[in-house]
Every structure is written in C-alpha cells, then in structure tokens.
Amino acid sequence: MSEATERTDEKAKAEEQPVLSDELETAEDAPEPEPVAPAKARGPVGTALGVLKTARPRQWVKNVLVFAAPFTAAQFGNGDVLLDAAIAFVAFSLVASSIYLINDAIDVEADRAHPTKRNRPIAAGIVPVPVAYGAAVVFFGVGMGISFFASPQLAIVLGVYEAVQLAYCFGLKHQPVIDLAIVGSGFLMRSIAGGVAAGIALSQWFLLVTAFGSLFMVAGKRYAEVMLFERTGAKIRSSLKKYSASYLRFVWATSAAILIMSYSLWAFELRERADGSVWPVVSMVPFVVAVLRYAVDVDGGKAGEPEEIALSDRVLQVLGVTWVVTLGLAYYL
C-alpha cells in the first residue's frame, strides 16, 4: 500500500471519530430528535386504555392529601367525615386527570419531538386530540358532579383548581416563579378540599405547613431538573432556562426553614390543646428529620420525581410512619 493511500485512510478514520469537546453540549445546540409520525389508533379498546394512561392514575396518590384535614382535626373515627373525604379524593382525582389530558393535547407536537414523551398516547396517535379534549370534559364534569355529594364548597375549590391549572397549561407554565407558585398551589388546594368537603375549619398553621411544604417539594423538583440539565444537557422546560441552581436552592432552603418553624409552632399549640400531652412535641423529631432526609435527595439533584422518592426511600417511609403514629397519639390517645 502506498504512503499516500495510508494517509488517505488515516484521514478517513479521523473524520469518523467523534470530536470531544471540553464543554457539554447544551440542549439547544444538540440535534433535535426526528418527530415521529402519529401511530394509528388501535380501536376503541386501545383508545380507552390510552385515555386511562393519559389520565395518570399513578398521580392520584397525591390526592391522599385530602385526608390531612380530617386527620389533624381528630376526625378519623367519624364515618361521615371519612366518607366526605373519600368523595373529595375521587372528585379531585377526576378533575386533576382532566388537566393531564388537556396538557398532553396542547403539547402534542412538542411531545412528538421528545425522545421519551413521544410514546405518550396522544403524541403516539393512539388517542386523537379531539378525543382527549372530549375525555377531559367528561372527567371534569363527572368530578364536579361527584363533589356535590360532599359539599358545594368542594365544587368551588375544584373549579378554582381547574381554572388555575388551565392558565398554567395555556402559558403560565413558561413563566418563572409563577410556575412554582401554581404547582405548589395544587397541593395546597388538595388539603383545603379535604377540609371543606368535611366541613372542618382549617387552622392557620395547617395552611402554612401545607403551603411551604408544597413549595419545598416543587422547588426541589425544579432544582433536580436544573442539575440534570447542567450534568447532561438534557432538554428542559423553557421556564427553567430562567432559573439558576443557586436561586432554586435558596427557594427550597427558605421553604424548608419556614416549614419546620411553622410545624414546630403548630406542635406547641397542639400540646396546649391536648392538656399538656408530650406527643405533639415528640412528633417534631420524625418530621424535622424527614424534611432533612428529603433535603439530601434535593441537594443531590435526585428529587425530580417526589413520589418515586417517597416509594423507594425506606428510611423516609419509616420516618413518615413514625410521624403519623406520634401525631396520632397526640390526637387520639
């Protein structure tokens, strides 16, 4: 083989080798994945299953917050209160699912260009967009109808939740800070729904703990997404491009501090109402340790899916059960 031919082969091999860069390629610089062609609908059964999947039944676990107000009001032994809370759980789950359907219908084109979201039923063409909107109306209507079996006030809370979340879907999710407040408000409204459904007056401390606990989790989730972007260049939501990791760290750290302080003041108030029982104060220990434990995941950028952390972290689960037991002893002993 001639020397010229060897040089030509070496040049060709060099062109085939990937060029290493000192800087991580950003999501905007990275080539967009090819949009996938919508799949054909798989018949009525496939469409129905696709609608159910888009409704995200796994996310319904968030709605157990409707039982927080009856629990903290020492009404878990009241069958009527539990029935009203159960109605609130079902109604909130259906209304929340209507939002998931609308959100995926709005984002269908963007999802088709996403490496993983392209497999969502609407993006994949299994559920046509008009069907998704129609199913959303049905979910919302049924949820609102069920809510009246508990309380008209519950229907009002669900209506406000739907309006706020629709505003989020149609543009506010791209606004920094506003998106944190709206997502956090969803958890707060779940707690309020349980109270109004059962006719339970909500204390100021209960609302503060719920509000800042929600903000703590939401800011932690966004922080994890930013950290993932900085490590891998993964594509992120547009609002996150306006956040810095240090700002989100400030938000979740501040929220955690206010959360712990509010719960501590609430615990001391409960001790006075419980004739000096020590259990409300004892409940502060597992509560604070659980917050700090969760903060470890947030700080490590692993809090992208809060429900996954709750289901996989055994220590956090033990702390949660211990907190429920100690608080239960304060109310029911």
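**Exercises on a predicted helical model**

**Exercise 1.** Which residues make the nonpolar surface patch of about 310 Å², and is Leu 49 buried or exposed?

*Solution.* In this predicted model, the patch is formed by Val 45, Leu 49 and Leu 52. To place one of these residues in the fold, note that Leu 49 belongs to helix α2, which runs over residues 43-54. The last step is to compare its accessibility with the cut-off, which is over 50% for an exposed residue; because Leu 49 has a relative accessibility of 55%, Leu 49 counts as exposed.

**Exercise 2.** Describe the secondary structure of the protein, its burial and its contacts.

*Solution.* Begin with the elements: there are 14 helices and zero strands, so that reading along the sequence gives the pattern α-α-α-α-α-α-α-α-α-α-α-α-α-α. Turning to burial, 43% of the 333 residues in the protein are buried, while the accessible surface comes to about 17,400 Å², with 66% of that area belonging to carbon and sulfur atoms. Finally, among contacts with a separation of 6 or more, 74% are accounted for by residues 24 or more positions apart.

**Exercise 3.** Which residues does the UniProt annotation "transmembrane region" cover, and how much helix is found in residues 60-76 and in residues 122-142?

*Solution.* The unreviewed UniProt entry applies this annotation to residues 60-76, 82-102, 122-142, 205-224, 245-266, 278-295 and 315-332. For residues 60-76, the end C-alpha atoms lie 21 Å apart, and the span is 29% helix and 0% strand. For residues 122-142, the end C-alpha atoms are 22 Å apart, and the span is 67% helix, again with 0% strand.

How values were computed: Residues numbered from 1 in each chain as written. Predicted model: local features only at pLDDT ≥ 70, side-chain atom pairs only at ≥ 80, totals over all residues. Heavy atoms only, no water. UniProt positions renumbered as here; feature names shortened; annotations may be inferred. Helix = DSSP H or I, 4+ residues; strand = E, 2+ residues; numbered from the N terminus. Patch = residues over 30% accessible without salt bridge, like charges linked within 9 Å, V, L, I, M, F, W, Y side chains within 5 Å. Areas by Shrake-Rupley, 256 points an atom, 1.4 Å probe, with all protein chains shown as cover. Salt bridge = Lys/Arg side-chain N within 4 Å of Asp/Glu carboxyl O. Buried < 20%, exposed > 50% of the residue type's maximum accessible area, 1.4 Å probe, protein only. Contact = heavy atoms within 4.5 Å.
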